[in-house]
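The tour goes from one selection to the next.

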Amino acid sequence: MASDATSKPHHWHVADPSPWPIVGSVSALVMAVGGIIYMHTGFIWGFLLGVVLVMYTMVVWFKDVILEAETPGLHTPPVQVGLRISFLLFIVSEVMFFFAFFWAFFHSSLPILNLVAGAWPPEGIEVLHTWDIPFLNTLILLSSGATLTIAHHALIENNRDRFLNYTLITVILGFIFLGFQIFEYSVAAFSLQDGIYPSTFFLATGFHGFHVLIGAVFLTVCYFRGRNGHFKPDHHVGFEAAAWYWHFVDVVWLFLFINVYWWGSSPLGHLQP
Amino acid sequence: MSDAAAAHDHGHDDHHGAPAGWRRWVYSTNHKDIGTLYLVAAMVAVLIGGVFSFMIRLELQSPGLQYIEDLQFYNVLVTAHGFVMVFFFVMPALIGGFGNWFIPLMIGAPDMAFPRMNNISFWLLVVGLLLLLTSALVAGGAGTGWTVYPPLSNATFHSGAAVDFAILSLHVAGASSILGAINFITTIMNMRAPGMTYHRMPLFIWAMLVTAFLLLLALPVLAGALTMLLTDRNFGTTFFEASGGGDPIFWQHLFWFFGHPEVYIMIVPAFGVISHVVSTFSKKPVFGYLGMAYAMAAIGFIGFIVWAHHMFTVGFNVETRAYFVLATMVIAVPTGVKIFSWLATMWGGSIEFRTPMLYAMGFIFLFVVGGVTGITLANAGVDIAFHDTYFVIAHFHYVLSIAAAFGILSGFFYWFPKMCGKMYNESLGKIQFWLMFIGVNILFFPQHFSGMAGMPRRIPDYPEAYAGWNFVSSIGAYISFAASLLFFYIVIQTLRSGEKAPANPWGEGATTLEWQVPSPAPFHTHDQTPDMRPQPAE
């Protein structure tokens, strides 16, 4: 039971009241309604307003969090543990989101899961060449994981220049990846409306690309925070989270490359019923 | 802890009281205020969802079409009733309401791990409810059922914006729940008082931990499914369109991979509540504490590998069906552990039949009835006959509507004195219980008979043969509705003129930390972290 002699003042950070949660929720409402109006009428400005409002909310909210992180005594070591746990949990939820799209891919491509499946790739679909851009992008993304790890070690060793340079290289590699991805989409011989192959291909790789963008922006923020003297060798949860996120995106890509681009684009005649 | 000790040492930024005016609620970062907001939202939602179900019951009171001319409107009623009750009544009450209020209190933490994120979880829920109600009102409404199966939910059969509103409502409510789950797990893993190991934390905390993991793992899959449905409807993908190489059955897989854990998301928190109430009013510790904790974890785990028992009629081969029958039956084992442990807790106890205890015992009865019909339905062969009949309706209303609601009511009567500082009228509470217990049983028990006789669900009209039990069922609905009104009267009467509640109104049986703070619980609690380490032997 609680005993008076040994109880101590707590070391948790209880945030002050904030307007951003309700501002963010109203922004989400605007974005949702705007999105529906766009899908049914083609009028896009309501949706874009919602996107801007959501991004505004993120900026002002994360600004508060960063200010708190840089205020001594708020993000105590136990609070940092909590932040790490929560970010790992967030990544777990992201994994389950991608799980749905991988399931869509395997449900469509494996006859054992799907009684009405035809050939895979479906007839008439001209697939992308696995060992061209997809493989190049694999090398780019894996390299970016390595440069990010160098940056992380540099931060721990308090070598700020090296930390900043390698973070910047990682961000640049991320955007090069995205550029190739956009190019690949533009030269693909199929479009989104061409049936189940493009459906699974574009949503799985598209959501991955969107996550690369998020990760790159996350790292860009870390770069500028680092330039402004944020992060200490023993206190850099923000950077650590960005690094974890980047590695998560990397792993998703490996699964996409192996399954969707490589295995999924070879004719699977031996698997047909 | 003594007030003096709490008063003299405040090195933190939490030395202020409650902010004044509307900002206290709208900008809140206080777990108790946010918990209260959740409970109020759940009460509003249950009234809305209750009116929908009452309209359904009025229409079904006798054969033929009484009140509803537009059959799509009936489908919309059924759909909106399901969505509102699942996502905006049961989940907010049990998880958002009780979870927010009592996780920090029970583990000795000053608040949730992320108080601001806690607030956006609540307001996103409100946004979700607004979008859902809009979906019922635009373009003829979403008449898809809460399962939103394509092809009924695709752009051919629901061409208007209604289904898109429903999809985005679930997206937003799902984001709210995922953020809440992250918050709950982090709080429980990181902020327990020293000495409160996993094997010593209260069962309600165990229940919330399991529930939060189910939310974290199941809801993103629903988000993926909803995204595919949205792009199928609006951007020309063909995930669920057979004409484009897709498969409508695939939606059912994704939906039930989320949907089956979802039903445990609704009932596992009630397990936690019931354990506390049964122990308190039997004046005994819970029988088989560790077994109870791991039974919940086991139920949560198995909940992810049984989804296709909702789909026995889609044409699986016999091996697939055999697996899903077996896996489903296995759930009866940990569930049995829970039921018998509650009974063993009561056995030999000095039982006090206060209102929360009556509701807990009502819960056990209702959950056993629903559980037994669940085992019946788990048999693929039997389910071919029962699929989409009122037998299924009776089964899942026993487990996740009325049993979950009894869990909520049990917890509400148990913790209401702690939350508002006043005692409800015990006699009125007991009358309310009996009225509710009789009402829901008259309402739902006869639906087993209608279902066994073959009455299909989601149809507003039926042959004369089903008239008798449907009439009885509607009488039960009136009694339940009266009991609900009496509940709201008790809430208002308690808030206006209830007697002042002591810190612990339940006596020696109530041993968890929330009973050691005053009633009502002050704005900030556990400013001093309690020490829960075992005391050295005297």
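Domain bounds here come from an automatic or database domain assignment. For chain A that assignment gives domain 1 (1–74) and domain 2 (75–269). This is a predicted model, in which local features need pLDDT of at least 70 and side-chain atom pairs count only at pLDDT 80 or more, while totals for chains, interfaces and linings use all residues. Residues are numbered from 1 along each chain as its sequence is written, chains are lettered from A and ligands numbered from 1 in the order in which they are written, and side-chain values use heavy atoms, with hydrogens and water left out.

**Select chain A.** Its C-alpha atoms fill a box of roughly 75 × 45 × 45 Å along the principal axes. Chain A has seven helices and one strand, in the order β-α-α-α-α-α-α-α along the sequence. Helices (H or I, at least four residues) and strands (E, at least two) are DSSP runs, numbered from the N terminus. Of the 273 residues in chain A, 49% are buried; buried means under 20% relative accessible area, exposed over 50%, and partly exposed in between, with a 1.4 Å probe and protein chains only.

**Colour the two domains of chain A separately.** Their centres, taken over C-alpha atoms, are 25 Å apart. Eleven residues from domain 1 of chain A and nine residues from domain 2 of chain A make the contact, where contact means heavy atoms within 4.5 Å. Within chain A, 76% of the contacts with a separation of 6 or more join residues 24 or more positions apart.

Axes are lines fitted to C-alpha atoms, for helices over the stretch in contact, and angles run from 0 to 180 degrees between N-to-C directions. Residues in the contact include Ala28(A) and Leu29(A) of α1(A), and Trp123(B) and Leu124(B) of α5(B).

**Stay on α5(B) and pick Asn118(B).** This residue is found in helix α5 of chain B. Is Asn118(B) buried or exposed? At 1% relative accessibility, Asn118(B) counts as buried. Beyond its neighbours within four places in sequence, Asn118(B) touches His31(B), Ile34(B), Asn100(B), Met112(B) and Asn183(B).

**Pick Thr227(B).** It is found in helix α7 (residues 203–234) of chain B and, at 10% relative accessibility, counts as buried. Among its contacts outside four places in sequence are Phe97(A) and Phe207(A) from chain A, and His171(B).

**Select B 71–107 and B 248–282.** Helices α4(B) and α8(B) pack at about 45°, axes 11 Å apart, which makes α4(B) oblique to α8(B). Phe98(B) of α4(B) and Met266(B) of α8(B) are among the residues making the contact.

**Finish at the largest nonpolar core.** Such a core is a set of buried Ala, Val, Leu, Ile, Met, Phe, Trp, Tyr and Cys residues joined through side-chain atoms within 4.5 Å. Of its 261 residues, Phe98(B), Ile267(B), Phe363(B) and Trp415(B) touch the most other members. Helix α4 of chain B gives the most, with 23 residues. Domain 1 and domain 2 of chain A both give residues to this core, so it lies between them. Centre on Ile267(B) to see its contacts with Phe363(B), Phe367(B), Val399(B), Ala403(B) and Ala404(B), leaving aside neighbours within four places in sequence.

Key: Angles under 35 degrees count as roughly parallel, over 145 as roughly antiparallel, 65 to 115 as roughly perpendicular and the rest as oblique.
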